[in-house]
Amino acid sequence: MRRAVGIGGLRRKEAERLAMSKKGTELSQREIEKLREQIAMMKDNLEDFVREHQRDIRNNPAFRVKVQRMCQLIGVDPLSSRKSYMSELLGVGDFYCELGIQIIDICVATRSINGGLMDLDELLRRLIRRRLKGSEPVVEDDIRRTISQLKPLKGGYKIVCFGKRKMVQSVAREMNSDQAKVMTLAQYTCKFTMEDVRVAFGWDEDRIHSCVDDMLRSGIVWMDEYNEAYPEYWVMAFFSQLNSTLTMANAE
Amino acid sequence: MSNTTAVPTPGAFQFPEIYNFPPLFTRQPNESTWQEQRRQWCDLILAYYRHNRLYSLTLAEAITEPPFTNRQIHRSLRVDVLRELVDDLVKQGNASWTGAKNAKDSCLVLWRKPEVWASMIYQWANERGLFNTVLTVFELANGDDTVGQEFHNLDSVTLRRALDVLQSQGKAQLFVGTSDEDMGVKLFA
């Protein structure tokens with residue numbers, strides 16, 4: 001005989017549910033407690049680890065990147081402040097500060113020639129060339145980190161991409177989407193004609209002219225009138241990289 | 001790499017990277033880019049002329065040769081653009097127009113200022129004890145005594161400029177001859 005569900009049954013079920021959820025909360029709280037302890041321990045361990053391997057961190061870029069990632073994962077930002085205990089431990093405060101100054105220096109010195117746009121690889125190449133022998137090696141990840149640290153300076157420093165090209169921009173300027181499209185079009189050849197743009201995007205003359213004029217005005221492109229009827233527009237920032245790879249290819 | 005001491009290297013001139021950038025040979029329409037372009041060209045001209053110890057520049061001829069023509073990328077600078085560049089060099093004191101007045105067809109490239117040549121010559125004369133002796137200008141530039149000196153084989157117009165400087169400083173007296181070369185000079189303390 002099936003027992004009917006009575007008031008008593010419902011009450012008992014409700015009580016059970018409450019008890020269960022109480023137990024659940026208790027469990028999850030205990031779990032969180034445990035996790036907290038673990039993280040605290042991990043932080044301690046990480047500190048010990050960093051202290052022990054400080055020299056490797058400064059000298060080995062791949063290792064440095066890994067430690068940075070680990071720090072970020074557990075909510076330790078070694079770069080958030082130069083005075084933070086982690087940055088002191090890592091000894092990276094000075095490293096990034098120094099790198100930041102070098103990056104600014106290179107960007108400012110070449111701004112009038114490339115319109116404040118430099119290929120990331122080119123920047124890396126120049127950094128490596130100018131840094132003293134025996135100083136810590138630099139990798140792309142270091143540049144990314146440093147540039148994100150330069151944000152408070154409001155210099156417009158950021159990394160922008162055109163197709164496969166990663167560029168460091170060092171002027172506060174928003175490139176409109178037309179310009180970005182043309183840049184992407186020129187990413188491999190490092191040059192374009194107005195005709196190229198018309199064929200690729202089907203824009204009318206006015207639109208092409210205003211886009212090219214903007215790019216000339218901001219100094220990103222230079223004009224080559226070798227063929228007077230069809231002048232070519234060259235992106236200096238793309239060219240340096242192309243040129244260095246060409247030189248390397250020729251040397252081989 | 002290890003052999004780069006102060007000795008002037010007679011090897012090929014090392015062109016900067018931008019030399020293969022085709023737009024370098026077109027006058028840029030954007031003013032601030034043009035300013036940068038002029039700076040690049042002026043540096044290049046002075047470095048090239050210094051490296052090859054060249055002194056005079058005839059615009060119409062020069063544009064068919066390096067550095068104003070880059071055969072590798074088939075680009076040449078236009079004469080009127082070069083004229084603007086020389087105007088810039090003249091303003092900086094690194095060039096001076098020669099030839100017919102206002103023609104602006106040829107110039108001297110002063111990769112070393114006449115004042116610097118002047119003090120080199122003066123110092124040399126001092127060391128050799130040649131003060132108060134009349135020397136010919138030809139002797140100064142081409143004589144055996146000046147072999148190995150920076151001003152040996154110095155172009156006659158540039159040399160004359162340097163001697164003019166010494167005269168105006170009261171350190172030399174020039175004696176005019178029938179030509180620039182048999183002109184004489186006496187230096188004194």
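Analyst: Two residues are in contact if their C-beta atoms, placed from the backbone, lie within 7 Å. By that rule, residues 24 or more positions apart account for 52% of the contacts in chain B with a separation of 6 or more. The model is predicted, so local features need pLDDT of at least 70 and side-chain atom pairs pLDDT 80 or more, while totals for chains, interfaces and linings use all residues. Residues are numbered from 1 along each chain as its sequence is written, and chains are lettered from A and ligands numbered from 1 in the order in which they are written.

User: Thanks! What makes a residue of chain B count as buried, and what percentage of chain B does?

Analyst: A buried residue has 20 or more other C-beta atoms, placed from the backbone, within 10 Å of its own. Of the 189 residues of chain B, 28% count as buried. The C-alpha atoms of chain B fill a box of roughly 55 × 50 × 25 Å along the principal axes.

User: How do you know which elements chain B has?

Analyst: They are DSSP runs, numbered from the N terminus: helices are H or I with at least four residues, strands E with at least two. Chain B comes to 6 helices and 8 strands. From the N terminus on, they run α-β-α-β-β-α-β-β-α-β-α-α-β-β.

User: Why are β4(B) and β5(B) called paired?

Analyst: Two strands pair if DSSP finds at least two bridges between them. Strand β4 (residues 95-98) and β5 of chain B have 4 bridges, so they qualify, in the antiparallel sense. Within β5(B), Cys107(B) is the residue that Trp97(B) stands opposite.

User: How many residues does each chain give to the contact between chains A and B?

Analyst: Chain A gives 15 residues and chain B gives 13. On the chain A side, α5 (92-114), α10 (205-217), β5 (221-224) and α11 (236-251) each give two or more. The largest share, 4 residues, comes from α11(A).

User: How do you know what classes the chain A side has?

Analyst: Ala, Val, Leu, Ile, Met, Phe, Trp, Tyr, Cys and Pro count as nonpolar, Asp, Glu, Lys and Arg as charged, and the others, Gly among them, as polar. The side of chain A that touches chain B has 8 nonpolar, 4 polar and 3 charged residues.

Note on methods:
Buried ≥ 20, exposed ≤ 12 C-beta atoms within 10 Å, placed from the backbone.
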